[in-house]
Amino acid sequence: MQFYQMSTKLLRDTVGELNDSLTSVVLAGLFFTLTVGYVSKRLLRESSDKNLKYPPYIPSSIPFLGHAIAFGKSPIEFLENAYEKYGPVFSFTMVGKTFTFLLGSDAAALMFNSKNEDLNAEDVYSKLTTPVFGKGVAYDVPNHVFLEQKKMFKTGLNIARFKQHVKLVEAETVDYFQRWGDSGERNLFEALSELIILTASSCLHGKEIRSMLNERVAQLYADLDGGFSHAAWLLPTWVPLPSFRKRDKAHLEIKKMFFKVIEKRRQSGEKADDILQTLIDATYKEGRPMNDNEVAGMLIGLLLAGQHTSSTTSAWLGFFLARDKALQEHCYAEQKAVCGEDLPPLDYDQLKDLSLLERCLKETLRLRPPIMSMMRMARTPQTAAGYTIPVGHQICVSPTVNHRLRDTWMERMEFNPDRYLNDNPAAGEKFAYIPFGAGRHRCIGENFAYVQIKTIWSTLLRMFEFDLVDGYFPAVNYTTMIHTPYNPIIRYKRRKQ
Ligand code: HEM
């Protein structure tokens, strides 16, 4: 009974308040089916391959749910404790699924060197991403097609484009932060999230789509983005949750809006110098151009792939700078030293030379990597650290844990941007620092993210001085899929020109 109540609570927490009794019945049925399936699967597996050495399994007295609650509350602490007790490779159960973590650089190599046919990304991500991005792109297509799509986008991210992006992002930032006035206390994460939709749309979608971005469209993006939830990950897509319905409606409306813009571009014969044009003109190896549905899906995917990752990173960077006023002033002095005393408009070459700001961003990505774990489904048995990982395990690597392993990082919890100037053990380990992943699924937005975040923070450092509010440095909010700052209010004062 207690088991049922706990599970019901977890599901209810996950999906929010459900007044709809039909939904409750569906969930109860689903829960029962999953439990039976899970128990028989474990019994079957345990009775078969007795000779193989499986990774150490962290036992739990709660069947099916397993460690979901402890992990959900404090995932990093959970993984660090498990690492101490069991070593770099171990398995445990959550919500009927078995997860095997590969911690540390050596163990992580299995994920990054593997083929997609063996450790598969679509099996774990598609359920979440396909309803949001749409069919025909990313994890809805075979990986070799997605790799081609990634390459098409990457050709659009060249230095000439970055030079335009610096101007666009600076202008958007100045314009957005006018509303902050001369001094006050505001929610930094919320502001940066709003700003980054505008900057990313300017840079990645082009001027037509950016000009349509009003409050209604921002709400559509928010509804679409609501699709990235624990509920969407755990529950079948057909469950009639209001958030799923909103997501699907927003998807259709946004697609319609993008189709009109793509069509107009194609018909006008105008060749704009932007990423939308790159995607319209790109062709697959077989010679076929992307169709409108694929171009629109890519536009949605690119906006959302960079949205939470860049806004959380920018917000955490702000709090690290606010906590260390001396470092903040060094970053401001660097603006003057590199760009000139009178702080002229930013340009790309100077931005590259802002090496202290760059190291602060790198260090932020070490201590607060937005993607806390990367996942793959084992489709074939895998070997790591002498253990056999069976088919069906979800294999995970956690940048957050790798970035602070005791054996690898000195003064591991200190925010020290200068650590990258000196020799450090982490530099000798291939996968000790992996905020953008590695291997065939590696991020293609890294350079763009650096340009965007450095431009935003150069502009903000020139406009304001920042302080923590009464010394409060935000705790990590583990309830969101990307670990955001909790209660992210910052104090600011406009600098005298
Ligand atoms: C601070 C910013 C960002 C961080 C920390 C970040 C992190 C990551 C990570 C860890 C992965 C690997 C996922 C995996 O292996 O499962 C990834 C993949 C990817 N990212 Fe980013 N990302 C950022 C910004 C962006 C931006 C701005 C874009 C696009 C404009 C983007 C597009 C992608 C794409 C297309 C993939 C490929 C996924 C795959 O091949 O499976 N990212 N990112």
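Begin by selecting S4 and strand S12 (residues 489-494): five bridges join the two, and they run antiparallel. Strands here are DSSP E runs of at least two residues, helices are H or I runs of at least four, and both are numbered from the N terminus. Two strands count as paired if DSSP finds at least two bridges between them.

Before moving on, a word on what you're looking at. This is a predicted model, where local features need pLDDT of at least 70, side-chain atom pairs count only at pLDDT 80 or more, and totals for chains, interfaces and linings use all residues. Residues are numbered from 1 along each chain as its sequence is written, and side-chain values use heavy atoms, with hydrogens and water left out.

Now click on Arg-186, which stands opposite Ile-490 in S12. Zoom out and you'll find three strands forming an open, antiparallel sheet in the order S4-S12-S9. Its edge strands, each pairing on one side only, are S4 (183-187) and S9 (464-468). From one strand to the next, the twist averages 30°.

H15 lies across S9 and S12, at about 80° to S9. (Contact means heavy atoms within 4.5 Å; axes are lines fitted to C-alpha atoms, for helices over the stretch in contact, and angles run from 0 to 180 degrees between N-to-C directions.)

Stay with H15 and show the ligand: which element gives the most to the shell around it? That's H15, with six residues. Of the 26 residues around the ligand, Tyr-125, Tyr-139, Lys-150, His-441 and Cys-443 come nearest. Color the shell by class and you get 16 nonpolar, seven polar and three charged residues.

Last stop: an open sheet of five strands in the order S1-S2-S8-S5-S3, with mixed pairing. At its edges sit S1 (89-94) and S3 (119-120). Six bridges join S1 to S2 (residues 97-102), running antiparallel, and Phe-90 has Phe-101 in S2 as its bridge partner. Finish with helix H4 (residues 75-86), which lies across S1 and S2 at about 135° to S1.

Technical notes
A residue is near a molecule or strand if one of its heavy atoms lies within 4 Å of it. Ala, Val, Leu, Ile, Met, Phe, Trp, Tyr, Cys and Pro count as nonpolar, Asp, Glu, Lys and Arg as charged, and the others, Gly among them, as polar.
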